[in-house]
Amino acid sequence: MVGSAVERKLIKENCNIITCSRNDLDLCNQSQVEDFFSSKKLDGVIVCAAKVGGILANDTYPANFLYENIMIQTNIVHAAYRNNVEKLIMLGSSWIYPKLANQPIKESELLTGSLEKTNEWYALAKIAGIKLCQSYRKQHDCDFISAMPCNLYGPLDNFDLKNSHVIPALIRKF
């Protein structure tokens, strides 16, 4: 959903973009990701890809959410580094902040308390992605950053009652 919105905006701005579907590129497969990056000469990358789901899906499949998101992020960031990508933005999630964070949430709240248990695995993967971008920036001077879009919904969202987030599930019920 977010990736489609970013793609529509970049096309509207006449940007030259390259996308790839899940059927054509398994982002959990390091060699496929490396081959993709080495076959393209990319100036910048916006990482919208992630395994996402609602509370029930996150709570039911914790290993899937942790493993797949860590693999996706690690493979993309490392391939971007190895192939001299100038800029990378990785999208995170509001789930990275503690369950009882002060409101409104400030960036400084990161890692100051316990995460929401039902989304802990997804949150940990996203925190690892943030730290990965920071580490490549520190060690290799890469212009890699993270941004946290919060509580999104809209066209192409998942409206499945068992696997969606709250807002899309409520829209479907209504």
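Author: A friendly note on terms before we start: helices (H or I, at least four residues) and strands (E, at least two) are DSSP runs, numbered from the N terminus. The model is predicted, and in it local features need pLDDT of at least 70 and side-chain atom pairs count only at pLDDT 80 or more, while totals for chains, interfaces and linings use all residues. Residues are numbered from 1 along each chain as its sequence is written, and side-chain values use heavy atoms, with hydrogens and water left out.

Reader: Thanks! Read along the sequence, what pattern does the chain follow?

Author: Start with the elements: the chain has six helices and three strands. Taken in sequence order, they give the pattern α-α-β-α-α-β-α-β-α.

Reader: Of the 174 residues of the chain, what percentage count as buried?

Author: Buried means under 20% relative accessible area, exposed means over 50%, and partly exposed lies in between (1.4 Å probe, protein chains only). With that cut-off, the buried share of the 174 residues is 34%.

Reader: And among contacts between residues at least 6 apart in sequence, what percentage join residues at least 24 apart?

Author: A contact requires heavy atoms within 4.5 Å. Among contacts in the chain that link residues at least 6 apart in sequence, the share joining residues at least 24 apart is 63%.

Reader: Let's go inside. In the largest nonpolar core, which residues touch the most other members?

Author: A nonpolar core is a set of buried Ala, Val, Leu, Ile, Met, Phe, Trp, Tyr and Cys residues joined through side-chain atoms within 4.5 Å. The largest such core has 21 residues, and those touching the most other members are F37, V45, I76, V77, L88 and F144.

Reader: Which helix gives the most to this core?

Author: At least two core residues come from each of helix 2 (30-39), strand 1 (44-47), helix 4 (62-82), strand 2 (87-91) and helix 5 (120-140). The one that gives the most, with five residues, is helix 4.

Reader: Leaving aside its neighbours within four places in sequence, which residues is V77 in contact with?

Author: V77 is one of the core residues that touch the most other members. Beyond its neighbours within four places in sequence, V77 contacts L88, M90, L132, C133, Y136 and F144.

Reader: How do helix 2 and helix 4 meet: at roughly what angle do their axes cross?

Author: Axes are lines fitted to C-alpha atoms, for helices over the stretch in contact, and angles run from 0 to 180 degrees between N-to-C directions. The axes of helix 2 and helix 4 come within 9 Å, and they cross at roughly 35°.

Reader: Which residues of helix 4 make the contact with helix 2?

Author: The axes of these two helices come within 9 Å. From helix 2, the contact uses Q30, V33, E34 and F37, and its partners in helix 4 are N75, I76, H78, A79, A80 and R82.

Reader: How many disulfides does a search of the whole structure find?

Author: A disulfide is a pair of cysteine sulfur atoms within 2.5 Å. C28 is buried because its relative accessible area, 18%, is under 20%, whereas C48 at 24% counts as partly exposed. Across the whole structure, the number of disulfides found is zero.

Reader: Now the loops. Which two residues does a cis peptide bond join?

Author: One of the two lies in the loop between strand 2 and helix 5. The omega of the bond is about -10°, and the residues joined are Q103 and P104.

Reader: L111 is not a glycine, so what is its phi, about?

Author: L111 is also found in the loop between strand 2 and helix 5. At 55% relative accessibility, L111 counts as exposed because that value is over 50%. Its phi is positive, at about 65°.

Reader: How far apart in space are K41 and N84, C-alpha to C-alpha?

Author: K41 sits in the loop between helix 2 and strand 1, and N84 in the loop between helix 4 and strand 2. Both are exposed, K41 with a relative accessible area of 70% and N84 with 65%. N84 also has a positive phi near 55°, though not a glycine. The pair are 43 residues apart in sequence, and their separation in space is 8.5 Å.

Reader: Last one: not counting residues up to four places away in sequence, which residues does Y122 touch?

Author: Y122 is found in helix 5 and counts as buried, at 9% relative accessibility. Leaving out residues up to four places away in sequence, Y122 touches A50, K51, V52, N58, F65, N69, S93 and W95.
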